[in-house]
Amino acid sequence: MVENTDKTQAVVTTAKDLPLHCPPPGAPLWARHPRVFLDILKTGEAVCPYCSAHYVFNGERPKGHH
């Protein structure tokens, strides 16, 4: 997952980013908030309740996830 500096754009995630959580690894210290895991596979997108970052799942869903 690439860090998104434009907060008006969605962050595109793939199966290798699962389990998805916000803030992402490597986020700058000033952008940290309590870690929250997001269920992106249910609808294909998720919004962080803390910072309103919008995540969109792209690609093939991993096998074995419901």
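1. Let me start with a definition: a salt bridge here is a side-chain nitrogen of Lys or Arg within 4 Å of a carboxyl oxygen of Asp or Glu. Please keep in mind that this is a predicted model. How many salt bridges does the rule give? The count comes to one. The partners are Glu 60 and Lys 63, whose closest N and O atoms are 2.6 Å apart. Because that distance is within the 4 Å cut-off, the pair qualifies.

2. Now for the overall picture. The protein has five strands and zero helices, so listing its elements from the N terminus gives β-β-β-β-β. The chain has 66 residues, and 30% of them count as buried. If we take contacts between residues at least 6 apart in sequence, 31% join residues at least 24 apart.

3. Asp 17 deserves a look. This residue sits in the loop between β1 (11–13) and β2 (21–22). Its relative accessible area is 13%, and Asp 17 counts as buried because the limit is under 20%. What is the nearest side chain of opposite charge to Asp 17? That is Lys 16, at 4.1 Å. Asp 17 has no salt bridge, because a partner nitrogen would have to be within 4 Å.

4. Asp 17 does have a polar neighbour in the backbone. A polar atom of the Asp 17 side chain lies 2.9 Å from the backbone nitrogen of Thr 14. Thr 14 also belongs to the loop between β1 and β2. Thr 14 is partly exposed, with a relative accessible area of 29%, whereas Asp 17 is buried.

5. Which residues does Thr 14 touch, leaving out those up to four places away in sequence? They are Phe 57 and Asn 58. Thr 14 can also be placed relative to Ile 40: the two are 26 residues apart in sequence, and their C-alpha atoms are 10.0 Å apart. For Asp 17, the C-alpha atom is separated by 9.4 Å from that of Phe 57, 40 residues away along the chain.

6. Asn 58 is partly exposed, at 47% relative accessible area. Not counting residues up to four places away in sequence, Asn 58 touches Val 12, Thr 13 and Thr 14. Asn 58 and Ala 15 are 43 residues apart along the chain, with 8.1 Å between their C-alpha atoms.

7. A word on the annotation. In an unreviewed entry, UniProt gives "domain: Zinc finger CHCC-type" for residues 26–55. In the model, residues 26–55 are 0% helix and 23% strand, and the end C-alpha atoms of this span lie 17 Å apart.

8. His 33 may interest you next. His 33 lies in the loop between β2 and β3 (36–37). At 17% relative accessibility, His 33 counts as buried. Which residues does His 33 touch, not counting those up to four places away in sequence? They are Cys 22, Pro 23, Cys 48, Tyr 50 and Cys 51.

9. Finally, some backbone geometry to check. The peptide bond from Leu 18 to Pro 19 is cis, with omega near -5°, and Pro 19 is in the loop between β1 and β2. Another cis peptide bond joins Cys 22 and Pro 23, where omega is about 0°. Pro 23 is in the loop between β2 and β3, and this proline is also one of the residues that His 33 touches. Ser 52 has a positive phi, near 65°, in a residue other than glycine. Ser 52 lies in the loop between β4 (45–47) and β5 (54–57).

Definitions and conventions:
Residues numbered from 1 in each chain as written. Predicted model: local features only at pLDDT ≥ 70, side-chain atom pairs only at ≥ 80, totals over all residues. Heavy atoms only, no water. Helix = DSSP H or I, 4+ residues; strand = E, 2+ residues; numbered from the N terminus. Buried < 20%, exposed > 50% of the residue type's maximum accessible area, 1.4 Å probe, protein only. Lys, Arg positive; Asp, Glu negative; His and termini not counted. Polar contact = N/O pair within 3.5 Å; in protein donor to acceptor, adjacent residues only side chain to side chain. Contact = heavy atoms within 4.5 Å. UniProt positions renumbered as here; feature names shortened; annotations may be inferred.
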